[in-house]
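Please read them with the structure open.

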Amino acid sequence: MTINKLERFAENAELEHILEYTDYQDNQIAKPKGRWDQIFGNENPVIIELACGTGTYTLELAARFPKNNFIGIDIKGARLWKGAKNAEAENLENVRFLRIFIDHINEYFDRNEVDEIWITFADPYPKSSDQNKRLTSPKFLKMYEKILSPKGPIHFKTDDSDFFDYTCESVEKFGGTIKKRVDKIHKDGPDDELLTIKTVYEKKHLQRGKTISYCRFTLH
């Protein structure tokens, strides 16, 4: 039997792997800021994936690096349900999914509480009037700077060349440093086990003949 969105939303409240915070007006809700070590039960490095969708990258990384903690972040509850169910099926205790709006991220992580960030196939918001919504715009880089440990890396993957160029320029203008740049991942780095993890969107992009690009940068 197919589980519809409403059923998934209802089940999310019972799943151990999902934390949901959708009422930003209720100050009585205890948010996990500064408490991720308690949630995971250890002080291992915390790595987050933004706009994670169904959590393909989050799950793959968690399986490969069991001594790190991984948090997939998105606002789409039905997608996070799928990621959480997969984490449960694979017995991945070092995974959590956080349902929030990303522009509220500073409410959920303390200063230097995050060790690494992944941004994979986020919405490029192609209209110039929407630049502020891009997850690599100065607005968001300032947010990451507050929660990311000093010199903590940010990984960025996209199929949109304009978004990729914008990101590299945005980082440099912010005062950050591009540590690695791969313009065509599947041509220039086909043997890279991390960069060639394929999300659902990436598989579709490759079928359409699109180029996948990657950069790793720091904010200082």
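1. The residues that line the second largest pocket divide into four nonpolar, two polar and four charged, where Ala, Val, Leu, Ile, Met, Phe, Trp, Tyr, Cys and Pro count as nonpolar, Asp, Glu, Lys and Arg as charged, and the others, Gly among them, as polar. The lining itself consists of F121, A122, D123, P124, T158, D159, D160, Y201, H205 and K210, and the space in this pocket is about 180 Å³. On a 1 Å grid over the protein atoms alone, a pocket is an open set of points where a 1.4 Å probe fits, with protein on both sides within 12 Å along at least five of seven lines, and lining residues have an atom within 4 Å of a point; a volume is the space filled by probe spheres set on the points, which are joined across faces, edges and corners.

2. This is a predicted model, in which local features need pLDDT of at least 70 and side-chain atom pairs count only at pLDDT 80 or more, while totals for chains, interfaces and linings use all residues. Residues are numbered from 1 along each chain as its sequence is written, and side-chain values use heavy atoms, with hydrogens and water left out.

3. The largest pocket has a volume of about 690 Å³. Its lining holds 28 residues, with A51, D74, I75, I102 and D123 nearest the centre; the elements that contribute two or more residues to this lining are α5 (138-147) and α8 (200-207), helices and strands being DSSP runs numbered from the N terminus (H or I, at least four residues, for helices; E, at least two, for strands). By class, the lining of the largest pocket has 13 nonpolar, seven polar and eight charged residues.

4. Eight strands form an open sheet of mixed pairing, in the order β1-β4-β3-β2-β5-β6-β8-β7, where two strands pair if DSSP finds at least two bridges between them. At the edges lie β1 (18-20) and β7 (177-182), each of which pairs on one side only. The pairing of β2 with β3 is parallel over five bridges, with L50 bridged to I73 in β3, whereas β6 and β8 (residues 213-218) pair in the antiparallel sense over five bridges, with R216 of β8 as the bridge partner of H155.

5. Which residues cover the two faces of β3? N69, I71 and I73 lie on one side and F70, G72 and D74 on the other, and all are buried, that is, under 20% relative accessible area with a 1.4 Å probe and protein chains only, exposed being over 50% and partly exposed in between.

6. In helix α3 (residues 56-64), the buried residues are Y57, T58, L59, L61 and A62. Their cover includes β2 (46-50), β3 (69-74), α4 (77-89), β4 (95-99), β5 (116-120) and β6 (154-158).

7. F163, in helix α6 (residues 161-174), counts as buried because its relative accessibility is 1%. Leaving aside neighbours within four places in sequence, F163 is in contact (heavy atoms within 4.5 Å) with A122, D123, P124, R134, L135, T136, F156 and T158.

8. E88, in helix α4, is partly exposed, with a relative accessible area of 40%. Not counting residues up to four places away in sequence, E88 touches L15 and H17; the C-alpha atoms of E88 and H17, which are 71 residues apart along the chain, are separated by 7.4 Å.
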